[in-house]
Amino acid sequence: MDIIASYGTVLILIAAAVGFFMAYGIGANDVANAMGTSVGSKALTIKQAILIAMVFEFAGAYLAGGEVTSTIRKGIIDSAPFIDIPELMVLGMISALFAAGSWLLIASFLGWPVSTTHSIIGAIIGFALVAVGSEAIQWNKVAGIVGSWIVTPAISGFIAYLIFMSAQKLIFDTETPLKNAKRFVPIYMGLAGFIMSLVTIKKGLKHIGINMGAVEGYALAVAIAVVVGLLGKVAISRLKIDPKADKKMQFNNVEKVFAVLMVLTACCMAFAHGSNDVANAIGPLAAVVNIVENNGEIAKSAAIAWWILPLGGFGIVAGLAILGKKVIKTIGEGITHLTPSRGFAAELAAASTVVIASGTGLPISTTQTLVGAVLGVGMARGIAALNMSVIRNIVVSWVITLPVGAALAIVIFYILRTAFGV
């Protein structure tokens with residue numbers, strides 16, 4: 001308790017610095033989830049993608065990042081053993097942020113898309129193990145996370161495969177792709193409007209005090225879907241395209257329509273990601289601030305100080321702008337060759353999986369969801385369309401994220417304990 005009274009301000013400043021560092025790592029690594037497909041399919045340049053993502057990620061993090069956050073991310077550890085030793089919780093959360101941020105930085109340099117959620121969870125498990133022992137860890141939650149490594153990419157891959165194959169059958173493999181695009185693309189637009197509304201409603205609005213019931217949420221999503229579909233029908237009917245153009249020319253024009261669609265879905269995904277994953281950086285930071293301000297008392301949930309959300313938002317934007325290119329390239333170009341229609345199928349499948357997961361309580365990583373969806377699109381063209389060496393590196397990086405996060409946190413935790421004499 002003494003170090004909280006003696007070093008309270010210092011601890012908050014250190015926590016703020018490592019919280020920013022963690023948010024920087026999230027921006028560098030995770031934002032590729034929203035923008036990778038748009039860059040890979042050439043719908044956006046890397047510069048355009050980074051500028052768009054900066055706006056929507058920051059808006060999601062700041063506007064919908066949460067007024068109250070659970071002090072312990074995903075309920076992965078029990079706070080009860082720390083009640084008499086809150087200084088260990090404070091030092092542990094600082095070491096978890098520093099460890100997870102460090103691993104994200106290493107992965108980003110290597111161009112590996114890893115899960116920011118799993119990085120912080122691994123780090124929290126690590127410090128809790130050495131601080132109070134394994135009884136503090138909710139092992140059933142950990143098992144659910146490990147299970148999601150297989151389940152999440154499989155679901156999103158399957159959905160992406162279905163969306164892509166339906167576009168092939170209904171539009172691209174027909175005699176008149178352009179005519180069929182005018183008929184079916186508004187339906188895809190409506191579907192995208194529906195899924196993206198649900199992502200925003202489920203992942204974003206609840207944080208700003210707009211709590212919709214299931215019926216209201218779905219009704220609003222359906223209404224938005226109908227409006228988007230009708231607007232799409234009007235926009236596509238106005239496209240001036242020569243009906244006598246050869247099939248290749250028709251293909252190119254259909255892809256242009258999908259490119260616009262994909263950029264819209266990417267913006268929604270960036271907003272949802274900002275609102276959801278900023279908690280990986282600000283949850284532990286809010287916990288530290290709360291414990292220090294309450295003189296060592298550990299609360300189940302903590303109101304967020306006014307400066308924490310913008311700190312997280314700016315951290316994400318800085319990481320994205322400075323180091324975001326490498327992982328965007330891996331997802332967009334490394335796994336398989338993407339066109340706008342393939343990128344749209346992957347993006348929509350990833351968003352659909354996010355909706356399914358939030359409805360069923362499945363622990364989810366947006367990174368694994370999108371990588372699974374890109375794999376599904378690649379599989380639709382046969383195994384030869386996939387770059388297996390890149391995929392192998394990605395899978396290895398997923399498996400080592402939890403233990404690496406834990407190991408780094410343990411080392412940093414011991415250093416901090418020595419430094420503060422706890």
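**Overall picture and selected residues**

Modeller: The accessible surface of the protein chain (Shrake-Rupley method, 1.4 Å probe; for residues, only the protein chains shown count as cover) comes to about 16,900 Å², and 68% of that belongs to carbon and sulfur atoms.

Colleague: Before we go on, what do I need to know about the source?

Modeller: This is a predicted model, in which local features need pLDDT of at least 70 and side-chain atom pairs count only at pLDDT 80 or more, while totals for chains, interfaces and linings use all residues. Residues are numbered from 1 along each chain as its sequence is written, and side-chain values use heavy atoms, with hydrogens and water left out.

Colleague: How many helices and strands are in the protein chain?

Modeller: The protein chain has 15 helices and two strands, where helices (H or I, at least four residues) and strands (E, at least two) are DSSP runs numbered from the N terminus.

Colleague: What share of the residues is buried?

Modeller: Of the 422 residues in the protein chain, 59% are buried, where buried means under 20% relative accessible area, exposed over 50%, and partly exposed in between (1.4 Å probe, protein chains only).

Colleague: Which contacts does Leu 104 make?

Modeller: Leu 104 lies in helix 4 (residues 86–110) and counts as buried because its relative accessibility is 0%. Not counting residues up to four places away in sequence, Leu 104 touches Met 22, Gly 25, Ile 26, Asn 29, Val 114, Thr 116 and Ser 119, contact meaning heavy atoms within 4.5 Å.

Colleague: Where is Val 371?

Modeller: Val 371 lies in helix 14 (residues 366–379), and at 3% relative accessibility Val 371 counts as buried. Its contacts, leaving aside neighbours within four places in sequence, are with Pro 113, Ile 331, Ile 335, Ile 394 and Trp 398. Val 371 and Ile 335 are 36 residues apart in sequence, and C-alpha to C-alpha they are 8.3 Å apart in space.

Colleague: Changing topic, where is Lys 42 found?

Modeller: Lys 42 is in the loop between helix 2 (32–40) and helix 3 (46–64), and Lys 42 counts as exposed because its relative accessibility is 65%. Phi of Lys 42 is near 70°, a positive value in a residue other than glycine. Most residues other than glycine have a negative phi.

Colleague: Last one, which residues form the aromatic cluster?

Modeller: Phe 82, Phe 127, Phe 413 and Tyr 414 form one aromatic cluster, and the structure holds twelve aromatic pairs. Rings of Phe, Tyr and Trp (its six-membered ring) pair if their centres lie within 6.5 Å, and planes under 30 degrees apart count as stacked, over 60 as edge-to-face and the rest as tilted.
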